[in-house]
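Colleague: I've got a model open on my screen and I'd like to learn how to read it. Could you walk me through a few features?

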Amino acid sequence: MAADLITRIPQRAARWSAEHPWRAILTWLVLVVAATSLAFLVPTHEAEPADYRIGQSGRAEAMAERAGLDAPDTELVLLSGDRAAVPGAAREVARRMADVEGVGGVSPPVWNDDRTAMLVSVALTEGADDVAPLTEVTDAVAAEHPGLTVRQTGGLSLDEAINDRVADDLASAEVISLPVTLVLMLLAFGALIAAGLPVLLAMGSVAATMGISAAVSHVVPAEPTVGSMIVLIGMAVGVDYSLFYLKREREERARGRSTLDAVEIAAQTSGHSILVSGFAVAAAMSGLFLVDFVTFTSLAVGAIIVVAVAVVGSITVLPALLVRLGRWVDRPRVPLLWRLNRRIGAGGISRRILAPVVRRPGLALAGSVAAATALAVPALGMTMHAANLETLPTGIPAVQTMRDVADAFPGEGTTVTVLAEGTGSAAALRDLASDATGDGAFTAVPEGLATSEDGGTSSLTLALPWPDSDDRTVEAITDLRESTAPAALDGLEWAVGGDAASNLDFDQHLSDWMPAVIGFVLLLTLVMMGVAFRSVPLALVSTALNLVSVGVAFGVLTLVFQHGWLEGALGFTSPGFVIDWIPLFVLVVLVGLSMDYHVFVTGRIRELVGRGLPTRLAVERGIRDSASVVTSAAAVMVSVFAIFATLSMLEMKMMGVALSVAILLDATIIRLVMLPAALVLLGDRVWWPRRPVHPTGEVVDAGTDREPELTPVA
């Protein structure tokens, strides 16, 4: 029943659009304009700091907020150079900063232990978030003391600098990816209109989703990076879906079909694949809901919306456009590309790869599995950690300054904060400080103990001499939570928080949920493939291939970014770990996007089997005939993701490298070698429990070389 519904929906949508093309086109335009206008009419509700609280560190932050002990935003000014001149310049910085609006207090300048640097700490009032006036003071003092180095950093300065860099990176990626995608579409079609349609429809889907997401953000708060993810996913699936439909429509017209018949056949075949693929992408992204964290929930909602919009556009407005354009869709032709496109035909390269695979499927499968396993094995040693100063580009001045501050003033580096509620909390925290600093892991911070106005809650800040990604930091925090704090704070409500503890909690949360997400995504795609193609073995093969793709992606992540392969070529310094949220995001995106062309390929094979071809010949012919579409679809994804690998932010590099390499291997080794080898070895058993039969009942003689004809179903 569900499979029949999936088949009927694109057919009926295409038939209505073909019969009422102008109505379909105008309806789509109105919907896109209306949805896009929401982005301007409805302000986006972004996630607030409280939405990111997790685990024990989240409880500590909530306790501090209730007691009024949450630390104000602080900016730091680091001065170094001539020791005789530094104190005077530092006092001048402190004096001028105290007069700036939004400054709640300025600490006296302090030397570091070896008196090579002096630090001025500026506390801001609640709600103050503009660092520009403070930066002006820092720059003015630096200009007045050319012999000194005067630099500013802090939470707000870092956030502003990082946001600017991310915005510049993404703008650069979008500017480059659009012409690259157009060029690839020109190579695929050889005609300007055909090349432009997928890009325009994808852009419309992205624009509409931006507006819808602004409205939805008032129900599910938006992560600041969700817009970039919508562009990334929306352009990939939007272009691919239109590509599948257009290619099949052109193929049927080339066989002598009328435009109307060609569109209807494309709806029966490619339309069905688009709908199944859309459900598969949405299913994969929905796995992020299991993590129950605002970042992943926001990304999942954005991805599901943009995929849904792209699917609707591909099965409604695209058929209408094709009917109205007719053969004009192949105009104007780019002479050289058009001739090249026609001369290459279908499956030139794939034919040469498939021939030995089909002849010796067992050997081909064993060899490809061995190669994929070699790439995936390093993932077993993957270490994950939250992004920190080590992962930020040193080219950002505020980042390098913060690193120097942490080196010169350990108390401003890695810290943890212990919150305790109840009578005697301050005295208990003093005892805790004595115990914690006695073993040498923690050091006391000046004025590190604070008590709320009502005396009911106290907080203690302790410093660690190592970065928060160091195993010793993890061990120290774990020991503090499991041993020292329970003994010293018995009878009190307490929690250990701070940035280092928060990162530890987030890493643990992801580690706990990663197996469940992997299992959920694979199980859901297994069920969907089984229902859509009515074949249990095919669903199992598809799930196994997805698992191979994920393993390869994780292995590449580990080799390149944890072990430092290609550091020089990619322009980064390995932090010795993989940023914690990247593997989970790569998992769901990769499974979702790779299902695009996997559904298209398996759908083509199933169609040929339903027309009477034996499985072996259907596999060879189906993969050969769909090779150009798969190549074009994969080329778009690989090119876009490869652009991300050139950006300066390490998260973007990790995402770009993992997805581009994994999709490249997925579209070649996995879909051209593993898939056909597995299907040939299984033979007709792959269609259990029922061999597919086309609705027309027409059967093709397996001994002929004639391409099976497909008749539009009324």
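Predicted model: local features only at pLDDT ≥ 70, side-chain atom pairs only at ≥ 80, totals over all residues.

Colleague: How do I describe the pair made by Phe293 and Phe506: what are the distance and the angle?

Modeller: In general, you describe a pair of aromatic rings by the distance of the centres and the angle of the planes. For Phe293 and Phe506, the centres are 4.8 Å apart and the planes are at 45°, so the pair is tilted.

Colleague: And which parts of the chain does that pair tie together?

Modeller: Phe293 is in the loop between α9 and α10, while Phe506 is in helix α18, so the pair joins parts that are 213 residues apart in sequence. Phe293 counts as buried at 7% relative accessibility, and Phe506 counts as buried at 11%.

Colleague: What about Phe296 and Phe506: how is that aromatic pair arranged?

Modeller: That pair is stacked, with 6.4 Å from centre to centre and 10° between the planes. Phe296 belongs to helix α10 and Phe506 to helix α18, so here the pair ties together parts 210 residues apart in sequence. Both Phe296 and Phe506 are buried. If you follow the ring pairs, they link Tyr52, Phe293, Phe296 and Phe506 into a cluster.

Colleague: Let's switch to charges. How many salt bridges does the structure hold?

Modeller: There are 22 of them. Take Arg53 and Glu65, whose side chains meet at 2.7 Å, N to O. Arg53 is in the loop between α2 and α3 and Glu65 is in helix α3, so this bridge ties together parts twelve residues apart in sequence. Arg53 is partly exposed at 24% relative accessibility, and Glu65 is partly exposed at 44%.

Colleague: Now helix α8. How far apart in that helix are Glu249 and Arg253?

Modeller: They're four residues apart, about one turn of the helix. Their salt bridge has its closest N and O atoms 2.8 Å apart. For burial the cut-off is under 20% relative accessible area; Glu249 has 0%, so Glu249 is buried, and Arg253 is buried with 5%.

Colleague: Is Arg671 buried or exposed?

Modeller: Buried, at 3% relative accessibility. Arg671 is in helix α23, and its side chain makes polar contacts with the side chains of His598 at 2.6 Å and Asp666 at 3.0 Å. Arg671 also touches other residues, including Leu545, Tyr597 and Ile623.

Methods: Residues numbered from 1 in each chain as written. Heavy atoms only, no water. Phe/Tyr/Trp six-rings, centres within 6.5 Å; stacked < 30°, edge-to-face > 60°. Helix = DSSP H or I, 4+ residues; strand = E, 2+ residues; numbered from the N terminus. Buried < 20%, exposed > 50% of the residue type's maximum accessible area, 1.4 Å probe, protein only. Polar contact = N/O pair within 3.5 Å; in protein donor to acceptor, adjacent residues only side chain to side chain. Contact = heavy atoms within 4.5 Å. Salt bridge = Lys/Arg side-chain N within 4 Å of Asp/Glu carboxyl O. Lists of a residue's contacts leave out its neighbours within four places in sequence.
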